[in-house]
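Dear colleague,

Please find below the structure that I am handing over to you. My notes on its sheets, selected residues and aromatic rings follow.

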Amino acid sequence: MNSEGAGIAASGRPAVEQGAIYRGHAPCKPRTGTVDGEFVSIEGERFYRISNYDLMPPFFMSIVSHSDHWMFISSNGALTAGRKNPENALFPYVSVDKIHDSHGITGGKTLFLVEKEQCIYLWEPLSYACDGLYDIERNLYKNIPANKLLFEEKNHDLGLTFQTTWTTTERFGFARRSTLVSHGNSARARVLDGIQNLLPYGTDRMLQSERSNLLDAYKKSELLPDCGLGLFLLSSIPVDRPEPSEALSATTVWSTGLENARYLLSSQQTDRFRRGESIESEIDIRAQRGAYFISAELDLASRELHEWFVVAEVEQGPAEVALLRQQLGNKEALREMLVEDVAIGTTQLRQIVAEADGLQASADEMSAGRHFSNVLFNVMRGGAFADGYQVSTADLIDFVAAHNREVRGAHQAFFESLPASVDVTALLTKARATGEPDVTRLCHEYLPLYFSRRHGDPSRPWNHFSINVKGPNGGQALNYEGNWRDIFQNWEALLVSYPEFTTSVISKFVNASTLDGYNPYRITRNGIDWETEDPADPWSFIGYWGDHQIIYLLKLLEISRRFQPGELERMLLAKEFAYANVPYRLKPFENLVQDPHRTIDFDDELEAVIEARVKEVGADGRLVWNGDGKVRRASLLEKLLVSVLTKFSNF
């Protein structure tokens with residue numbers, strides 16, 4: 001390849017050299033655009049566009065879905081993505097700084113050799129490699145539901161515009177749609193496009209972060225030439241034990257839209273392509289980082305658009321691979337199914353937000369878009385109610401059994417008397433009518449939420465997440481989890497749309513507070529959780545909080561007073577609440593004065609008693625029990641007084 005600027009005549013135009021590959025026009029071209037933002041319509045859908053986004057420092061974004069996809073992506077195109085949790089990663093799950101640094105290494109990659117005026121130009125859109133070589137404009141678009149992210153580069157020298165869009169599809173995984181359009185004369189180009197640094201199935205966080213070089217040695221990538229399906233596997237799952245550890249699932253990648261394509265399973269031949277040399281399809285690659293590239297010839301008339309897709313999915317077993325291979329026999333039909341499934345996912349995501357009153361019709365489009373985003377991320381953290389005010393009796397029974405098997409067994413007749421679906425207000429009325437405080441407490445605490453997950457943001461590596469939106473049979477799973485002070489913020493906002501669940505959220509709140517007026521680390525569907533300290537880990541520490549209790553609870557009580565007249569007065573004296581039994585012990589005042597940095601002792605003996613009780617009865621084992629072998633009961637008034645007295649004593 002000629003060096004940059006070689007072959008340039010005095011006129012500033014390339015001097016033709018047979019077979020040479022040129023990178024732009026000399027001299028180096030500075031960027032003159034300004035960063036700006038506005039809403040635009042693309043194919044009937046509203047997007048927010050940041051013009052000349054690459055003139056800003058790289059910034060971080062998340063692409064969401066109605067299902068269990070996760071994707072975190074830098075504005076420079078580098079990313080991490082997968083399903084459910086980091087153990088099902090499509091690309092390495094690393095911290096934000098490393099994602100920014102992996103530009104050109106991880107994620108999408110596109111190269112063009114463009115024939116123009118008897119010259120061949122190497123163009124790498126969206127890459128730092130071509131900065132200053134062409135008169136370009138780069139724009140970034142994100143749709144309102146936040147499940148599509150479109151990168152665009154307009155090359156004014158070559159008269160071409162390249163766009164690539166990341167999105168998600170429940171049926172097929174992650175889709176990368178690319179388009180090339182000529183906005184000048186007709187054009188001819190060779191393209192090499194795809195994704196790189198793919199992970200095979202079976203790659204957990206430890207392998208990704210601490211044993212990545214060893215992991216590379218176990219990788220194998222295979223192509224099914226008849227359909228262009230790439231399989232990315234481990235020869236075996238790396239373990240240091242003398243036992244079989246087979247990898248029976250694969251990451252799959254396929255494409256549609258480019259005819260007579262050649263396929264690469266690694267990045268080894270990208271430099272050959274840059275030099276204009278021929279490349280050969282790769283069928284079997286071992287001990288190399290996986291990639292999936294397609295290469296083809298494109299002829300474009302003026303204003304003609306050429307479109308193609310690269311689609312990847314994790315954890316595909318033999319049956320899924322066989323079905324996909326069969327579907328690839330009709331790529332046009334498969335493309336239509338893909339496009340339809342993306343549209344279905346967008347509709348379902350909007351439906352989730354609509355259920356929490358996230359849709360607005362306003363002349364202020366920025367405010368309406370911001371409100372949609374706020375509600376979306378609120379329900380992603382705290383969850384959304386699955387069926388309005390309706391409660392599934394079967395799921396309620398599962399919840400009660402998980403918390404207290406004794407209560408479930410002793411009151412089986414009550415639970416079986418309920419209809420298959422019951423209104424939450426009717427349920428709580430029926431529960432109180434039994435006169436059984438534990439039945440009332442558990443029915444009050446039940447929250448039929450779905451779509452909830454923890455942070456998952458790679459900038460917070462301590463927030464290990466798992467997006468549990470599917471049950472064992474593939475149906476909707478009702479589940480939630482979050483840090484205590486985070487999730488109640490989300491529920492406070494959600495209750496404005498669902499005020500009849502206010503009593504349930506208040507119950508969950510106060511039942512998670514302790515006898516000494518503090519609260520544990522995490523709230524989940526299956527009770528509470530607390531931290532344990534690992535002396536060998538400097539990031540491990542006990543967290544015991546009470547700093548947000550008053551204001552959080554006050555807001556919940558205000559919602560109850562506003563929407564449920566009389567309910568707050570009823571709860572004040574009703575002994576239907578409990579105390580969390582966190583095995584922390586506050587040190588005496590003298591010890592606090594002596595060392596204010598070490599204020600808590602961990603009670604190992606109490607934790608052993610608690611865990612034994614959990615195994616015996618369920619999650620209620622983490623509550624305070626009385627001498628009669630029952631959960632200790634308290635009124636709301638008592639719980640409020642404990643919080644107030646704690647604050648006064650601290651003061």
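Two strands are taken to pair if DSSP finds at least two bridges between them. Helices (H or I, at least four residues) and strands (E, at least two) are DSSP runs, numbered from the N terminus. This is a predicted model, in which local features need pLDDT of at least 70 and side-chain atom pairs count only at pLDDT 80 or more, while totals for chains, interfaces and linings use all residues. Residues are numbered from 1 along each chain as its sequence is written, and side-chain values use heavy atoms, with hydrogens and water left out.

**Sheets**

An open sheet of 3 strands has the order E24-E25-E26, with antiparallel pairing. Its edges are strand E24 (481-483) and strand E26 (527-529); each has a single partner strand, so one side of each is left without a neighbour in the sheet. From one strand to the next the twist averages 20 degrees (axes are lines fitted to C-alpha atoms, for helices over the stretch in contact, and angles run from 0 to 180 degrees between N-to-C directions). Between strand E25 (residues 522-524) and E26 there are 3 bridges in the antiparallel sense, and Arg522 stands opposite Asp529 in E26.

A further open sheet consists of 11 strands in the order E2-E3-E9-E10-E11-E12-E20-E16-E15-E14-E18, again with antiparallel pairing. Strand E2 (36-42) and strand E18 (284-286) stand at its edges with a single partner strand each, so one side of each lacks a neighbour in the sheet. On average, neighbouring strands of this sheet are turned by 20 degrees against each other, direction ignored.

Within this sheet, strand E10 (residues 148-155) has 7 of its 8 residues buried, so it is largely enclosed by the rest of the structure. Buried means under 20% relative accessible area, exposed over 50%, and partly exposed in between (1.4 Å probe, protein chains only). E10 is joined to strand E9 (residues 136-143) by 7 bridges, and the two run antiparallel; Arg138 stands opposite Glu153 in E10. The hairpin of E9 and E10 has 4 residues between the strands, and Ala146 takes a positive phi near 70 degrees there.

E10 is also joined to strand E11 (residues 160-169), by 8 antiparallel bridges. In the hairpin of E10 and E11, which likewise has 4 residues between the strands, Gly159 takes a positive phi near 70 degrees. Leu150 stands opposite Thr165 in E11. Thr165 is buried, with a relative accessible area of 11%. Leaving aside residues up to four places away in sequence, Thr165 touches Lys148, Leu149, Leu150, Ala175, Arg176 and Arg177, where contact means heavy atoms within 4.5 Å.

Strand E14 (residues 219-224) and strand E15 (residues 229-234) run antiparallel and share 6 bridges. The bridge partner of Leu223 in E15 is Gly230.

**Ser67 and its surroundings**

Ser67 is found in the loop between strand E4 (60-63) and strand E5 (69-74), and counts as buried at 3% relative accessibility. Its side chain makes a polar contact of 3.4 Å with the side chain of Asp68, and one of 2.3 Å joins the side chains of Ser67 and Glu170. A polar contact is a pair of N or O atoms within 3.5 Å; within protein, one must be able to donate a hydrogen and the other to accept it, and residues adjacent in sequence count only if both atoms are side-chain atoms. Among the residues that Ser67 touches, not counting those up to four places away in sequence, are Phe451 and Arg453. Arg453 lies over the face of Phe451, at 4.5 Å from the ring centre (a charge sits over a ring if NZ of Lys or CZ of Arg is within 6 Å of the ring centre and within 35 degrees of the ring normal).

**Aromatic pairs**

Rings of Phe, Tyr and Trp (its six-membered ring) pair if their centres lie within 6.5 Å; planes under 30 degrees apart count as stacked, over 60 as edge-to-face and the rest as tilted. By this rule there are 27 aromatic pairs. Tyr389 and Tyr498 form an edge-to-face pair, at 5.7 Å centre to centre and 80 degrees between the planes. Tyr389 lies in strand E21 (residues 384-392) and Tyr498 in the loop between helix H13 (484-495) and helix H14 (502-511), so the pair ties together parts that are 109 residues apart in sequence. Tyr498 counts as buried at 9% relative accessibility.

Ring pairs also link Tyr480, Trp484, Phe488, Trp491, Phe509 and Tyr552 into a cluster.

Yours sincerely
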